[in-house]
Structures are given as C-alpha cells and as structure tokens.
Amino acid sequence: MTASEGKWDPAMAWLRLGSGAPLVLLPGLSAHHRAPHGFDRKAQLGAMKPYAAHREVWSVNRPVGLLAGTTIADLARDYAEAIRERFDAPVDVMGTSTGGSIALQLAADHPDVVRRLVLVIAAHRLGPGRRVQRDAAAQVRVGRPRRAIAGLAAATAAHGWSRRLLWIAGWLLEPAMGRHGYDDMLVVADAEDGFDLTDRLGEIACPVLVVGGDRDGFYGADLFRETARGVPDGRLLLYRGVGHLGVMRSKRLPADVLNFLDC
C-alpha cells in the first residue's frame with residue numbers, strides 16, 4: 001500500500017493509507033502537530049496498516065500554531081469542518097487518548113459527521129491523567145522537558161518495572177521528540193484539563209465502542225465503564241492486565257475495532 005500525505009485546513013497534517021470506506025483517526029497527545037517524518041512516520045503508518053487493509057484510513061493531527069485558550073470544543077469544530085468539506089456522508093471516527101476526548105466532543109457537538117465512534121484508551125474526562133499532564137506541562141514551562149516526557153511515558157505503563165523502563169526511554173528520547181518545541185502540546189494539555197463531557201453522554205447519537213485496559217494510568221477501568229454506560233448505544237471492551245500503552249500495542253485491537261465498525 002502506498003501512503004499519501006498533506007494538510008487539511010487549518011494546517012492539520014494528515015497521512016492516508018488504504019482504500020474503502022473512510023476511517024478518520026484522531027491521535028493522542030503529541031509534542032508537536034507537524035507532519036511526521038522518519039521513525040514517527042513509520043510508526044504511524046505501522047499502526048494504520050491493519051485498518052488500511054479494509055478501510056481508507058486518515059490519521060489527522062490537530063492544527064499547528066494553536067492559540068492559548070483553545071478548547072476541546074474548538075478542536076472538535078476544526079475536525080467537523082474538515083470532515084464536512086471532504087466527505088459526503090458521516091464517517092467512522094477513532095480517537096486515541098487525547099484524540100478520544102476530541103472525538104467524543106465531535107460526536108456530541110457535530111453528530112452529522114460521525115457514523116460510528118471508537119474511543120481507545122479515552123473517556124468522558126481524565127482520571128489520574130489530569131495530574132500527570134499538569135505535572136508534565138509544569139515541567140516543560142520551567143525548562144525541564146526531559147522530566148515531562150519521562151513522566152508521561154511512565155504513566156502509560158501497567159507495572160512498576162515497565163514504568164521505570166519507559167521513564168528512562170522518555171528521558172533519552174526527549175531531545176528528538178521536542179525538536180520543534182512544545183507550544184501546541186501545552187495548549188492541548190490545558191484544553192483537556194478542562195474537558196468533562198459527563199453531563200452530555202446521553203446526547204451521543206451514534207454507536208460508541210470504548211476500549212481500555214484495566215490498569216490504565218490516565219483514566220482507569222471505572223471511567224471506561226462510565227463512558228460506555230453513559231451513551232445510549234455504548235459498549236465496552238476492557239483488556240485485562242494492561243495499561244495505556246498495552247492497549248495501543250495489543251494485537252487484538254484492530255480486529256475488535258473493525259468488527260464493531262462493520263457490524
């Protein structure tokens with residue numbers, strides 16, 4: 001399969017792979033919103049490939065150069081306008097982590113653009129992840145980005161030994177990750193800090209699948225359950241013994257998602 005890339009207005013970098021019915025992916029929190037290159041591009045395409053065997057997959061990041069005070073609702077509006085411009089009918093949407101927060105807001109505010117929604121390691125609000133992201137943002141703002149990225153990486157693990165390994169990996173990889181700065185990441189982290197769609201879950205009109213791990217360090221199993229129960233047509237897949245990263249790396253995830261989208 002040959003990948004293509006470009007930008008949706010306003011300055012939203014995308015990668016496209018595969019053919020068939022469209023599936024729009026909203027990725028998790030990232031250091032910057034520029035088009036991926038090198039290892040980052042290869043990793044994104046690798047994650048898209050299992051879905052692209054059956055779908056035309058679009059991985060679309062948030063706009064570059066976000067203004068301070070941008071909200072999750074603002075980001076959802078950007079996606080809604082871009083989707084309406086490019087597709088003639090509602091599309092399937094999958095949001096991962098922070099991308100899931102935006103995807104849920106998208107379904108609530110712009111139901112005309114979402115056919116089915118998949119939330120992967122995401123819920124109607126942050127749990128322990130709110131403190132993790134606040135701490136990371138604070139570290140970046142006082143000039144300690146390596147501590148910030150190390151802390152975020154460690155929180156994706158399910159067990160003590162893996163948390164230590166990921167903390168070290170985050171520390172070592174930060175210079176490459178942060179080469180374009182963290183301005184957009186900080187705006188999105190601030191926006192998600194105030195995100196809470198608890199009172200609007202009943203408004204979600206489309207079918208929703210929530211996929212999470214029972215050892216997730218950003219949300220926790222209870223929040224995944226609450227989200228799936230709160231939407232009128234919600235269902236939950238809770239993977240046992242894994243955390244944030246474990247769900248993303250699970251070999252069963254693509255099949256579970258495609259089965260839901262095709263049912």
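**Close-up views of a predicted model**

**View 1. Lining of the second largest pocket.** Fourteen residues line the second largest pocket, and those nearest its centre are Ala157, Ala158, Ser162, Leu245 and Gly246. The structure is a predicted model, in which local features need pLDDT of at least 70 and side-chain atom pairs count only at pLDDT 80 or more, while totals for chains, interfaces and linings use all residues. Residues are numbered from 1 along each chain as its sequence is written, and side-chain values use heavy atoms, with hydrogens and water left out. On a 1 Å grid over the protein atoms alone, a pocket is an open set of points where a 1.4 Å probe fits, with protein on both sides within 12 Å along at least five of seven lines; lining residues have an atom within 4 Å of a point. The volume of this pocket is about 180 Å³, a volume being the space filled by probe spheres set on the points. Helix 6 (160-177) and helix 9 (244-249) each supply at least two lining residues; helix 6 gives the most, with four. Helices (H or I, at least four residues) are DSSP runs, numbered from the N terminus.

**View 2. A nonpolar patch on the surface.** Trp167, Ile168, Leu172, Leu173 and Met177 make up this patch, and together they have about 480 Å² of accessible area. Patch residues have over 30% relative accessible area and no salt bridge, and nonpolar side chains (Val, Leu, Ile, Met, Phe, Trp, Tyr) are joined within 5 Å. Areas come from the Shrake-Rupley method with a 1.4 Å probe, and for residues only the protein chains shown count as cover. Trp167 is part of helix 6. Trp167 counts as partly exposed because its relative accessibility is 34%, between the limits for buried (under 20%) and exposed (over 50%).

View 3. A salt bridge is a side-chain nitrogen of Lys or Arg within 4 Å of a carboxyl oxygen of Asp or Glu, and the whole structure has 17. In the one between Arg77 and Asp74, the closest N and O atoms are 3.2 Å apart. Both residues lie in helix 2 (residues 72-86), three residues apart, about one turn of the helix.

View 4. Arg134 and Asp193 meet through their side chains in a salt bridge (2.6 Å, N to O). This pair links distant parts of the chain, with Arg134 in helix 4 (residues 129-141) and Asp193 in helix 7 (residues 183-193), 59 residues apart. Arg141 and Asp190 also form a salt bridge (2.7 Å, N to O); Arg141 lies in helix 4 and Asp190 in helix 7, 49 residues apart.

How values were computed
Patch = residues over 30% accessible without salt bridge, like charges linked within 9 Å, V, L, I, M, F, W, Y side chains within 5 Å. Buried < 20%, exposed > 50% of the residue type's maximum accessible area, 1.4 Å probe, protein only.
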